Amino acid sequence: MSSDPCSIKIRRARSTEPEAVASVFRRSRQAFLSYLPDLHTFEEDKAYFRNIVFRDCDVWVADEQRLVVGFCAFKQGWVEHLYLLPGYTGRGIGRKLIAKAQDHFDHLQLWVFQANVDAIAFYERNGFVRIRETDGTDCQEKMPDALYRWDAGVTAGL
């Protein structure tokens, strides 16, 4: 990992990068969300990103010398995924990635696990507001989550 934040480039993901993105997804979840059940294999994760996320979402990556160290996948009105590798948080990379989604849409929503307090703090710092909580019955992981919304022009939390 470089200590120079300028070595990180934010760019649109290439069609050849679903495996790299799936790797960031898996490694990040293992490091930061270890309380979640591991419901899928890495092969299933790769297929999901290749066949669904890269098809349905705009995917942007944080690239450090051709190594994908983070990504954000979003589509009309929704942030579907935002993950960084361990060691890359707290450096403004997540902010740059979420800004790509915010540049594309005036309204965004996302789900976050209620136990993921660091992500919640990040989203709230970036203008997202909690609008609903669930007990997790409807999500695959069966963990309590919360729905957040961001609206352009609203500066709460900034």
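**The whole chain**

The model is predicted. The protein chain has four helices and seven strands. Along the sequence they follow the order β-α-α-β-β-β-α-β-α-β-β. The radius of gyration is 15 Å, close to the 15 Å that the globule rule gives for 158 residues, so the chain is as compact as a globular protein of that length.

Some values for the protein chain are set out here.

| Property | Value |
|---|---|
| Span of the C-alpha trace along the principal axes | about 40 × 35 × 30 Å |
| Accessible surface | about 8600 Å² |
| Distance between the centres of the positive and negative side-chain sets | 5 Å |

Carbon and sulfur atoms hold 51% of the accessible surface. Buried residues make up 46% of the 158 residues. Charges come as 21 positive and 22 negative side chains. Among contacts with a separation of 6 or more, 63% are between residues 24 or more positions apart.

**Helix α1**

Helix α1 covers residues 18–32. How far apart are its end C-alpha atoms? They are 21 Å apart. At 1.5 Å a residue, the 15 residues should span 21 Å, so the two values agree.

Which residues of α1 are buried? They are P18, V21, A22, V24, F25, R26, S28 and R29. An α-helix has 3.6 residues a turn, so residues three or four places apart point the same way. The cover over the buried residues of α1 includes helix α2 (42–56). It also includes the strands β2 (58–64), β3 (67–75) and β4 (78–84).

Conventions
Residues numbered from 1 in each chain as written. Predicted model: local features only at pLDDT ≥ 70, side-chain atom pairs only at ≥ 80, totals over all residues. Heavy atoms only, no water. Helix = DSSP H or I, 4+ residues; strand = E, 2+ residues; numbered from the N terminus. Expected span 1.5 Å × (residues − 1). Buried < 20%, exposed > 50% of the residue type's maximum accessible area, 1.4 Å probe, protein only. Contact = heavy atoms within 4.5 Å. Rg over C-alpha atoms; globule rule 2.2 N^0.38 Å. Areas by Shrake-Rupley, 256 points an atom, 1.4 Å probe, with all protein chains shown as cover. Lys, Arg positive; Asp, Glu negative; His and termini not counted. Charge placed at Lys NZ, Arg CZ, Asp CG, Glu CD.
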